[in-house]
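Subject: Structure handover

Hello,

Here is the structure I promised to pass on. My notes follow below it.

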Amino acid sequence: MSFNNSGGYMDNSYDSSNNNAGSGYTKKPLGEQTMRPLTIKQIKGATSPQEGTFKVDNSNITQITFIGVIRNIQELATNYVYTVEDGTGAIDVRKWVEQNETPDDADARRGLLVDTYVRVNGRLNSFSNRISVVAHSMRPITNFNEITFHYLDAINTHLMFSKPGSSLLGATNNDHMQIDATTSLIEKVSQAIKSYDDSAEGASIKSLVEQFGGLHTESEIRDSVEFLLNDGQCYATTDSDHWKSCLP
């Protein structure tokens, strides 16, 4: 028996293919299942063909990620509104305060200061034709190479959707698999975890970090794994740092 991510226990003989068949999981189109890297100009230019849906480069998006500098903070009773700008524009980011906020969560929130570069992961919201972002995570940038990489990633992903076949980067080879650099990070992490199907423990966070060769930080990879866990695309095995894919 081993501990799983949802707080229960599972049999080590768990068959991911059976789970996939039983759940009726259908893989969504790339743009709808991944966290899309964007600039604020792209975010503010998103179209909303119907309430609750947004498109960038004519592709549906659900989760987004971007980097910017906090320019203003407004403290409200139940949430904070951060004005974040990245050189292409500025946008309001709303972060709700958890009712059961832990001391660690409070310390992390207090680290979000004016003039601090931050990584924002969240979803789009529109009210009175004004687009804003509801964040499910925000963290300060500690490695400034991440800023440069984010802009390259956003440009590369834009080319992938607007001009299929175009890319700033080529494919990357490693011991386990070949990762298409035009693929979004969540899709890359999903492929990487899938490549460990023959391992009893699955992919570890250490092996994933090594596999990406410094292109992505451990925090970025963990964010992607969390998305895959919540979306039912992978599950924890021996502990919270090892995962196997649920995809066929």
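Buried means under 20% relative accessible area, exposed over 50%, and partly exposed in between (1.4 Å probe, protein chains only). This is a predicted model: local features need pLDDT of at least 70, side-chain atom pairs count only at pLDDT 80 or more, and totals for chains, interfaces and linings use all residues. Residues are numbered from 1 along each chain as its sequence is written, and side-chain values use heavy atoms, with hydrogens and water left out.

Salt bridges

The whole structure holds 11 salt bridges. Each is a side-chain nitrogen of Lys or Arg within 4 Å of a carboxyl oxygen of Asp or Glu.

Start with Glu220 and Arg119, whose side chains form a salt bridge (2.6 Å, N to O). Glu220 lies in helix α8 (residues 218–230) and Arg119 in strand β9 (residues 117–127), so the pair ties together parts 101 residues apart in sequence. Helices (H or I, at least four residues) and strands (E, at least two) are DSSP runs, numbered from the N terminus. Glu220 is buried, at 7% relative accessible area. Arg119 is buried too, at 5%.

Next, Glu146 and Arg139 form a salt bridge (2.8 Å, N to O). Both Glu146 and Arg139 are buried. Salt bridges with shared partners join Arg119, Arg139, Glu146 and Glu220 into one network.

Elsewhere, Glu85 pairs with Arg71 in a salt bridge (2.8 Å, N to O). Glu85 sits in strand β7 and Arg71 in strand β6 (residues 63–75), 14 residues apart. Arg71 is partly exposed, at 42% relative accessibility.

Best wishes
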